[in-house]
Amino acid sequence: MPDGSRRRSARPTVVLAAGCVLLPLSVLAAVTIGSADLPPYDVLRVVAGHLGAGPADTVSPLRDSIVWDLRLPRVLLAALVGAGLAVCGTVLQALTRNPLADPYLLGVSSGASTGAVAVLVLGAGSGSLALPTGAFAGALTAFGCVLVLLGRSLGGTTKVVLAGVMVSQLFSALTSLTVLWAGDAEQTRSVTFWLMGSLAPATWTSVTVCAGAAAAVLLLCLARADTLDAFTFGREAASALGVEVRRTERVLYTGTAVLAGALVSAGGAIGFVGLLVPHAARFLVGARHRVLLPVGALLGSAFLVWADTAARTLFSPQEMPVGVLTALLGVPAFAVLLRRRVSAP
């Protein structure tokens, strides 16, 4: 094998191994950063104590609470949300053959926003789980509307995109109407902050839910990695290669919609991660989904961990919603991507 071909074939393995090493280090570093900086050794002792791998009283109760109750759940949730959004974006870009597709293509973000607003403004439900439950229910309702519009055959990718746009507009209008109807300044502030995307409400419950959803959908997509490779050539080409197109589309659309709904219910609508990270991963390792999916998940995790760390520390004691920061970083990158696509022959 020529040296150039050997280097190209080894590159995905090197990138994947580097990601597996750098992501835990990023999580550890992010937990140490904040208004009260902590040494990494204290973070490791707190984690070891709670996992039963070391004495539980080696760190002060205050530091233990900062690490275990506040920072670690938030950093882990950022990693999971980043990974999940990247996986959803990768799959939807393959299914639709649209490089501008993102995890919110199927209307789940707008539906989740309506569900969350119903809880915050109308008081539909109570308790700490009311908001994520309402957001998840809204996301699934929006996806159900998309399925109704598409019918049993789903149709082509253009029909999927149009159905998603219509449902998104409908639920965005419902969200605006609900906020306007409430007319309360404090509730409007809470709604606006949630809609911009924030990981501040992270809990171990939300971490567990997102971890389960992300792992299940990632495994589902990895099992169909070869099928996704076929979809990059179009529905007709995939069908000619023996792929059950309609069944595969139903399974993957449903899986990505459920995962996106779970992620939005935990952290709000965080834009551009699922749009841009898949392109960065393709640049690094190529378009084969068996490697692209895990690399994209690692890259999305690391990106959102550091984006959220910056969002909560750059303007301390004020906190910027992480969705605002990802938009500020993503818009220029999106402009470059769009310019390259328009100028391509």
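Q: What are helices and strands here, and how are they numbered?
A: They are DSSP runs numbered from the N terminus: a helix is a run of H or I with at least four residues, and a strand is a run of E with at least two. Ser 265, for instance, has its place in helix 11.

Q: What kind of model is this, and which residues count for local features?
A: This is a predicted model, in which local features need pLDDT of at least 70 and side-chain atom pairs count only at pLDDT 80 or more, while totals for chains, interfaces and linings use all residues. Residues are numbered from 1 along each chain as its sequence is written, and side-chain values use heavy atoms, with hydrogens and water left out.

Q: Where in the protein chain is confidence lowest, and where is it highest?
A: The score to read is pLDDT, the predictor's confidence in each residue, from 0 to 100. The protein chain averages 87, and 91% of the residues score at least 70. Confidence is lowest in helix 7 (residues 185-195), with a mean of 73, and highest in helix 13 (residues 289-313), at 96.

Q: Is Ser 265 buried or exposed?
A: Buried means under 20% relative accessible area, exposed means over 50%, and partly exposed is in between (1.4 Å probe, protein chains only). Ser 265 has a relative accessible area of 9%, so it is buried. Its side chain reaches the backbone oxygen of Ala 262 at 2.7 Å. Contact means heavy atoms within 4.5 Å. Leaving aside neighbours within four places in sequence, Ser 265 is in contact with Pro 132, Ala 135, Phe 136 and Trp 194.

Q: Which residues of helix 2 are buried?
A: In helix 2 (residues 40-50), they are Asp 42, Val 43, Val 46 and Gly 49. They cover an arc of only 130° around the axis, so they lie on the same side of helix 2. That arc is taken from the directions from the helix axis to the C-beta atoms.

Q: What span should helix 5 have?
A: The expected span of a helix is 1.5 Å times one less than its number of residues. Helix 5 (residues 130-150) has 21 residues and should therefore span 30 Å; its end C-alpha atoms are 30 Å apart, which agrees. Among its buried residues are Leu 131, Phe 143 and Leu 150.

Q: Which residues have the most contacts inside the largest nonpolar core?
A: A nonpolar core is a set of buried Ala, Val, Leu, Ile, Met, Phe, Trp, Tyr and Cys residues joined through side-chain atoms within 4.5 Å. The largest has 85 residues, and Ile 270 and Leu 304 have the most contacts inside it. Helix 3 (residues 61-96) gives the most to this core, with 19 residues. Leaving aside neighbours within four places in sequence, the contacts of Leu 304 include Ala 78, Leu 199 and Ile 270.

Note on methods. Polar contact = N/O pair within 3.5 Å; in protein donor to acceptor, adjacent residues only side chain to side chain.
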